[in-house]
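Hello,

Here is the structure I promised to pass on to you.

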Amino acid sequence: MRPALLHHRRYVASSLRRAYAARTAHPPRRLTARPQPIDPAYPVGEPSSLANAPATPPSSFAPWILGALAAGIGFYSLQIYLAASKPCLNPHIADLAAQKDVAARYDYTAANFDSEVGFSELLMGVNGLRKKLARKCHGDVLEASCGTGRNLGYYDIEGKDAKVESLGFIDLSPQMVEVCRQKWVALFGNKKAQQKLLPGLKVRFMTGSALGDMPLAPSGKKYDTIIQTMGLCSTASPAELLDNMVRHLDTSQPESRILLLEHGRSYLPWLNRVLDNSAEKHAELHGCWFNREIGQLVEQAAEQSGLEIMSERRHHLGTTWVFELKPTEDTVKKARAGLPVAATRQSEKENQGGWLSKLGWK
């Protein structure tokens, strides 16, 4: 046999033997690595400097946001300081006679009114004041100068024990009343929400002046509660408006109430200068005069109409007023006896001149 062929046969035979041995042999055992003891004599390397390096904080926009906020507050404070240090060019700007009627402005701002005042009222906590005042309403309730219905979600009208039996909304602006009605549909228009309401609850949306004759309650009686929020600043005749609310209130019941949330002059002279300097521009844009002597107006109207002020609270450096008025005991007695509660403003003007005024002399 040739040597090359013999060498090839030996190579094939050895390959087959190695393959058979690898197939039949048991697999080697996997040994678990165990930590080796440290030899004190063996030098240990220094830890890496990267391991001790402080972690890099993630990038954040917080400093930029805080800086922008601080700049905005500083700019706003500067504007207030400039307005407070500037003398008022019109010293009669707070007099009612010098303030023009801006109530028609609401016809144009109704659609955007909530977005204009919503954020500022949220920051100032006015929504909380609205809720606290609306929760005091009971019986037949009328909201005079209702606007866009910013008190809608706060009345006690859900459940069998709800205190409000009927709810009426009236405003001079039909656009405002329509926004109020749409809010009601959004809040209580579905069947699930209606099932939570007081059974038999009557809700009405009316367009009309709070200075004139307003519809009676669905029961045919006067109202147990009349509420108004931010309305005395918008009418040209705030004193007459208060008198008219009293005329539609059931003064024969000592539990009847008139609830007011208003904004007006502060008890700080420098803040009143700020209000006076910006009052005319604010009235043209938003339809209200926020520099009126609200406390004096309410006090005079209460005294002349047979009401007493149960509580008077001021917020926001005295610019926000919250009133709760009720009939006096004498007023309740007169109303139950069918006697006139108080003289109207017109009759008072006629009687100021005495018997000479009846002859045409003044």
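Let me start with His316, which counts as partly exposed because its relative accessibility is 26%. On this scale, buried means under 20% relative accessible area, exposed means over 50%, and partly exposed is what falls in between (1.4 Å probe, protein chains only). The model is predicted, so local features need pLDDT of at least 70 and side-chain atom pairs count only at pLDDT 80 or more, while totals for chains, interfaces and linings use all residues. Residues are numbered from 1 along each chain as its sequence is written, and side-chain values use heavy atoms, with hydrogens and water left out.

Back to His316: this residue sits in the loop between β6 (307-315) and β7 (320-327). Its phi is near 55 degrees, a positive value in a residue other than glycine. Leu317 lies in the loop between β6 and β7 as well, and although Leu317 is not a glycine, its phi is positive too, at about 60 degrees. With a relative accessible area of 41%, Leu317 is partly exposed.

Now the overall picture. The protein has 13 helices and seven strands; these are DSSP runs numbered from the N terminus, with helices being H or I of at least four residues and strands being E of at least two. Of its 362 residues, 36% are buried. Taking contact to mean heavy atoms within 4.5 Å, and looking at contacts between residues at least 6 apart in sequence, 75% join residues at least 24 apart.

What about the interior? In soluble globular proteins, nonpolar side chains tend to be buried together. A nonpolar core here is a set of buried Ala, Val, Leu, Ile, Met, Phe, Trp, Tyr and Cys residues joined through side-chain atoms within 4.5 Å. The largest one has 26 residues, and Tyr155, Ile157, Leu167 and Trp184 touch the most other members. At least two residues of this core come from each of α5 (126-134), β2 (164-171), α6 (174-188) and β5 (257-263), and α5 gives the largest share, four residues. A second, separate core holds 25 residues, Met206, Met214, Met245 and Ala301 among them. As for Leu167, its contacts beyond four places in sequence are Val141, Tyr155, Ile157, Trp184, Lys202, Val203 and Arg204.

Helix α8 deserves a look of its own. Eight of its 10 residues are buried, so α8 is largely enclosed by the rest of the structure. The buried ones are Pro238, Ala239, Leu241, Leu242, Asp243, Asn244, Met245 and Val246.

How does α8 pack against α10? Helix α8 (residues 238-247) and helix α10 (residues 294-305) meet at an angle of about 40 degrees, and their axes are 9 Å apart. That makes the pair oblique: angles under 35 degrees count as roughly parallel, over 145 as roughly antiparallel, 65 to 115 as roughly perpendicular, and the rest as oblique. The axes are lines fitted to C-alpha atoms, for helices over the stretch in contact, and angles run from 0 to 180 degrees between N-to-C directions. From α8, the residues in this contact are Pro238, Leu242, Asp243 and Val246, and their partners in α10 are Leu297, Val298, Ala301 and Ser305.

Leu297, in helix α10, is buried at 10% relative accessible area. Beyond four places in sequence, Leu297 touches Leu96, Pro238 and Leu242. Leu297 and Leu232 are 65 residues apart along the chain, with 9.0 Å between their C-alpha atoms.

- Ser173 is in the loop between β2 and α6. It is buried at 3% relative accessibility and touches Tyr106 and Asp107.
- Thr109 belongs to helix α3 (residues 106-109). It is buried, with a relative accessible area of 4%, and is in contact with Glu116, Met176 and Leu285.
- Gly149 is in the loop between β1 (139-144) and β2. It is buried at 3% relative accessibility and is in contact with Cys180 and Lys183. Gly149 and Glu178 are 29 residues apart in sequence and 9.6 Å apart in space, C-alpha to C-alpha.
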